[in-house]
Amino acid sequence: MSPVGAADDAVLDDPAALAQLDRGDMLRAVATAGAQVREAMLLVEPEMLAPLADDDRPRAVVVTGMGGSGIAADVAVAVAGRTCPVPVVAHRGHRLPGWVGPMDLVVAVSCSGRTEETLSATDEALRRGARVVTVGAAGSPLAARSDGGRALHLRVDAHGRMPRANLWGLAVPVLMVLDAVGLADVPRDLLSRTADELDLVAARCAPAVDSLENPAKTMALGLAGALPYVWGASDVASVAAARTVAQLAENAKYPGVHGPLTEVHHNQVVVMAGVFGALSGETGEDDIFRDRVDDGPGWPRMRLLVLRDTDEIPAVARRADASHRIAEEYAVPSSELRAEGEHPLSRLASLVAPLDFATVYLALALGIDPSPIEPIVLLKRAGAEDVL
């Protein structure tokens, strides 16, 4: 019997096998990242956002959404950054914070426009008199909240993509809202450059590119059979780390742990000394192309992936470097991925894009179709039937 997490390395360089496994065309969906940015720019015209620019600056911005749509909120927080003159808050759940009121702006994001928690939060925002922008499918219940001028709706067309594969189609309208109200510098020429950068990543990570030259395939094979810990060395990198673990769960049906440096050095790092690290009985030396069927049973080994940024606090940068030294001490394999660019959006895209591909390749190497999310479907059905 093959060990848990055993990967078929050969699949990743077999176009026919990839196509057969990827029945939902997730690889193709991930490759549309650049196109999503461009389409969002076409759907959200500057004059649509003019009323927002005419209003007073909000006291705070709350971006609310769930799951694959909710990551748009994290992107907004990372791009606005700590120098933003007002708080930009990512929110998930039915109820808004108690302080939200008429002086605040609430941006509600739902790819389908039907997410229960997001609709509830939107209704609460409208009742409290907050300014509201909705981002989601046309003709949806979320879009209907804008009837009578109660909210501004920004249309999203996912073209059948699942929310998690439509990240940039959802996040870009939110960033354009922040730019319109003067809380983030996200000009349209930056968005165009980001789209081009995402296209370049898609070309480097394309299925036709051999595993030896494809960074996403290499990362996927390195994670197979291990327990990934993904640490971010900045606010931007920490958003990418959280995104990666969420993508591991939904695409590869695979667990992972994420956290920000240096918080992880106060808790998660100690895992290295346990059964997932030094006590696992392995040496820590790893050949990602070995035949994993020969691996023996036992605990999956912790594998550390540190996401680095071009803008890091010096003390955090030193801790990131030290993470690899400590990992080596405990025979824990480690690697890192470095962001590229200067603007927070460019840096975030340079981390998220290859990792999105890597999670899909991991699924395919494990013989898993990345698209289905059956447990989520069952939970929603159970909730609708009042079973839970």
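This is a predicted model: local features need pLDDT of at least 70, side-chain atom pairs count only at pLDDT 80 or more; totals for chains, interfaces and linings use all residues.

Residues are numbered from 1 along each chain as its sequence is written, and side-chain values use heavy atoms, with hydrogens and water left out.

Entry 1, helix pair. I looked up helix 3 (residues 33-43) and helix 9 (residues 188-204), whose axes come within 7 Å and cross at roughly 155°. Helices here are DSSP runs of H or I with at least four residues, strands are E runs of at least two, and both are numbered from the N terminus. Axes are lines fitted to C-alpha atoms, for helices over the stretch in contact, with angles from 0 to 180 degrees between N-to-C directions. Helix 3 and helix 9 are therefore roughly antiparallel (angles over 145 degrees).

I listed the contact (heavy atoms within 4.5 Å). Helix 3 contributes Ala-33, Gly-34, Ala-35, Val-37, Arg-38, Met-41 and Leu-42, and helix 9 contributes Arg-188, Leu-191, Ser-192, Ala-195, Asp-196, Leu-198 and Asp-199.

I found Thr-194 in helix 9. Thr-194 is buried at 1% relative accessible area (buried is under 20%, exposed over 50%, partly exposed in between, with a 1.4 Å probe and protein chains only). Leaving out residues up to four places away in sequence, Thr-194 touches Leu-345, Ser-346 and Ala-349.

I placed Asp-55 in the loop between helix 4 (50-54) and strand 1 (61-64). Asp-55 counts as partly exposed at 38% relative accessibility.

Note on methods:
Angles under 35 degrees count as roughly parallel, over 145 as roughly antiparallel, 65 to 115 as roughly perpendicular and the rest as oblique.
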